[in-house]
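Please open the model in your viewer and keep the sequence panel beside it. The tour below goes from one selection to the next and says what is found at each stop.

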Amino acid sequence: MYLTKIELENFQSHKSTIINLDGGFVCIAGRTRSGKSSVLRALNFMFNDVWSDSFIRTGEKSVKVSVTLDNGIKVIREKGNGLNKITVINPDGTPKEFNNFGIQAPVEVKNILG
């Protein structure tokens, strides 16, 4: 399994960012304070349940981090101000939602993310 796309919305310095990946080596480069580490924090939130209220962009109420996998599954994680939701969208477009599950993502989601 590998990622083909990362999408960040209201995550720290990222208002709306899409990163397309080709499955090869990936290097994130840029100026100081341009959001490189934020991408890693977003992936840590998605895959390892690491959360901080500082992830929410100043002036916003929630964040959304999405990853698309090479098998066509898209996982969307949203959190903030009473919102704690993961949506898994299968390659055929059918969604499955997980709401208010606590700190750690449900086992079913963990299995999808590997």
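Begin with the strands: six of them form an open sheet in the order 2-1-3-4-5-6, and their pairing is antiparallel (two strands pair if DSSP finds at least two bridges between them; strands are DSSP runs of E with at least two residues, helices are runs of H or I with at least four, and both are numbered from the N terminus). Strand 2 and strand 6 (95-99) stand at the edges with a single partner strand each, so one side of each has no neighbour in the sheet. From one strand to the next, the twist averages 10°. This is a predicted model, in which local features need pLDDT of at least 70 and side-chain atom pairs count only at pLDDT 80 or more, while totals for chains, interfaces and linings use all residues. Residues are numbered from 1 along each chain as its sequence is written, and side-chain values use heavy atoms, with hydrogens and water left out.

Next, select strand 1 and strand 3, which pair in the antiparallel sense over six bridges. Within this pair, I6 has V67 of strand 3 as its bridge partner.

Which residues of helix 1 are buried? They are S38, V39, A42, L43, F45 and M46, where buried means under 20% relative accessible area, exposed over 50%, and partly exposed in between, with a 1.4 Å probe and protein chains only. Seen down the axis of helix 1, these buried residues fall within an arc of 155°, so they line one face of the helix (the arc is that of the directions from the helix axis to the C-beta atoms). They pack against strand 1, strand 2 (14-20), strand 3, strand 4 (74-80) and helix 2. Stay with S38 for a moment: its relative accessible area is 6%, and, leaving aside residues up to four places away in sequence, S38 touches F11, Q12, S13 and H14.

Centre the view on V67, whose contacts beyond four places in sequence include L3, I6, L43, M46, F47, V75 and L113.

Finally, visit the loops. G23, in the loop between strand 2 and helix 1, counts as partly exposed at 42% relative accessibility; G23 and L3 are 20 residues apart in sequence and 6.9 Å apart in space, C-alpha to C-alpha. Just after helix 1, D49 takes a positive phi of about 60°, and D49 is buried, with a relative accessible area of 10%. In the loop between strand 4 and strand 5 lies N81, which has a positive phi of about 35° although it is not a glycine and which counts as exposed at 62% relative accessibility.

How values were computed: Contact means heavy atoms within 4.5 Å. Axes are lines fitted to C-alpha atoms, for helices over the stretch in contact, and angles run from 0 to 180 degrees between N-to-C directions.
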